[in-house]
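Me: I'd like to learn how to read packing features in a model. Can we go through one together?

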Amino acid sequence: MPCLNQEAYNSLLHYALIERRLPDFARRVLQHMLHDREQTLSPNEATYHILLRGSTLLRRNDLAQGVIRSYLQSISPADPNSSVFVDFPGLKKADTIRPTTADPPSVSSPSTRRYLSRTSTIKEIVARAQTGSFTVPPTSDPLAVNSHFIVSYIKHVVATGTPNACADVLFQLLPELATIDHPEWGNMSSRQRAILIARNREASMGRAIGLGPHFYAAIINALRKAGRTGLAERVWMLAKEAEAASWKSSTPWCLPIEAYTAMLQCYGSESQKGLTMNYRKMFPGRGVQYQLRSSVPTKAYALGWGRF
């Protein structure tokens with residue numbers, strides 16, 4: 001039987017963490033890959049991506065932070081995208097699933113017995129997910145930051161309850177947004193805007209295509225949860241341009257349904273805020289004056305998102 005290659009180990013890690021939620025199984029796979037075999041293998045980009053996504057699904061922020069630290073130590077300092085991660089503020093500790101201690105009612109009906117069986121199984125799965133552990137060292141060969149790990153990192157940031165962190169560094173993640181004609185600029189100063197606009201549009205579109213559809217779906221969802229409709233719309237416009245341009249390249253792609261759903265949710269939440277409008281009212285002795293009518297107070301982050 002031939003020795004397992006890197007793809008086989010990554011498949012086992014995906015099965016252990018994402019399909020079975022077993023961190024101890026992942027630890028044994030990593031132990032064999034890194035130490036037990038004669039010709040040891042180092043983790044690659046896909047390995048870190050799988051470990052981070054699995055840690056997020058397990059709601060194990062301790063495991064996720066260890067994966068992120070090892071990945072940051074593995075990327076080349078010369079990589080222009082390496083500053084993306086250090087610019088994120090500190091992530092707070094994620095909530096942990098804890099098995100319930102309440103016992104179900106003692107009834108001898110078949111439906112109750114099936115419920116007891118399912119509850120016991122769920123408790124065991126959650127207990128295994130919260131007690132297991134694994135560590136992954138930095139790789140020996142420098143890695144380049146790829147879009148797959150960035151997508152997993154964005155999802156981890158959202159899962160830990162800090163989607164605003166994505167909005168704060170959005171123009172560092174996507175400098176191509178400067179080529180989109182939209183009034184929402186986030187926290188960018190006028191000087192920073194001028195520098196970004198001066199960049200070549202065609203050259204920047206090549207990187208926008210290379211980020212892939214799932215990156216745009218993840219960042220739009222993060223901006224939706226942060227309540228930044230204007231920035232989400234700006235990313236959406238860039239994503240649609242990149243999608244159209246990708247069909248003229250060797251790697252065409254389409255935006256997933258998650259991106260469309262997130263944008264519809266953005267517009268749905270905006271439609272519920274009500275419109276602020278002027279109306280005329282006659283005051284005795286003061287003539288006609290204009291006042292504001294609003295059923296819902298205007299939120300600061302919503303101002304200007306749809307002004308063209």
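Me: Is W236 buried or exposed?

Reply: Two ground rules before that. This is a predicted model, where local features need pLDDT of at least 70 and side-chain atom pairs count only at pLDDT 80 or more, while totals for chains, interfaces and linings use all residues. Residues are numbered from 1 along each chain as its sequence is written, and side-chain values use heavy atoms, with hydrogens and water left out. Now the general idea: buried means under 20% relative accessible area, exposed over 50%, and partly exposed in between (1.4 Å probe, protein chains only). W236 has a relative accessible area of 17%, so W236 is buried.

Me: How many aromatic pairs does the structure hold?

Reply: Rings of Phe, Tyr and Trp (its six-membered ring) pair if their centres lie within 6.5 Å; planes under 30 degrees apart are stacked, over 60 edge-to-face, and the rest tilted. The structure holds six such pairs. One of them is F215 with Y216, edge-to-face at 5.5 Å centre to centre with 80 degrees between the planes. F215 is buried at 1% relative accessible area, and Y216 is buried at 0%.

Me: What kind of aromatic pair do W236 and Y260 form?

Reply: That pair is edge-to-face, with 5.0 Å between centres and 80 degrees between the planes. For the helices, think DSSP runs (H or I, at least four residues), numbered from the N terminus. W236 lies in helix α13 (residues 229-246) and Y260 in helix α14 (residues 257-271), so the pair ties together parts 24 residues apart in sequence. Y260 counts as partly exposed, at 30% relative accessibility.

Me: Which residues have the most contacts inside the largest nonpolar core?

Reply: A nonpolar core is a set of buried Ala, Val, Leu, Ile, Met, Phe, Trp, Tyr and Cys residues joined through side-chain atoms within 4.5 Å. The largest one here has 66 residues, and I154, L174, Y216, I219 and V235 have the most contacts inside it. Helix α12 (residues 213-225) supplies the largest share of this core, eight residues.

Me: What is V235 in contact with, leaving aside its neighbours within four places in sequence?

Reply: Contact means heavy atoms within 4.5 Å. On that basis, V235 is in contact with L170, L174, L177, Y216, I219, I220 and L223, with neighbours within four places in sequence left aside.

Me: Where is S55, and is S55 buried or exposed?

Reply: S55 is in helix α3 (residues 45-57) and is buried, with a relative accessible area of 1%. Not counting residues up to four places away in sequence, S55 touches R60, L63, A64, V67 and F134.

Key: Helices (H or I, at least four residues) and strands (E, at least two) are DSSP runs, numbered from the N terminus.
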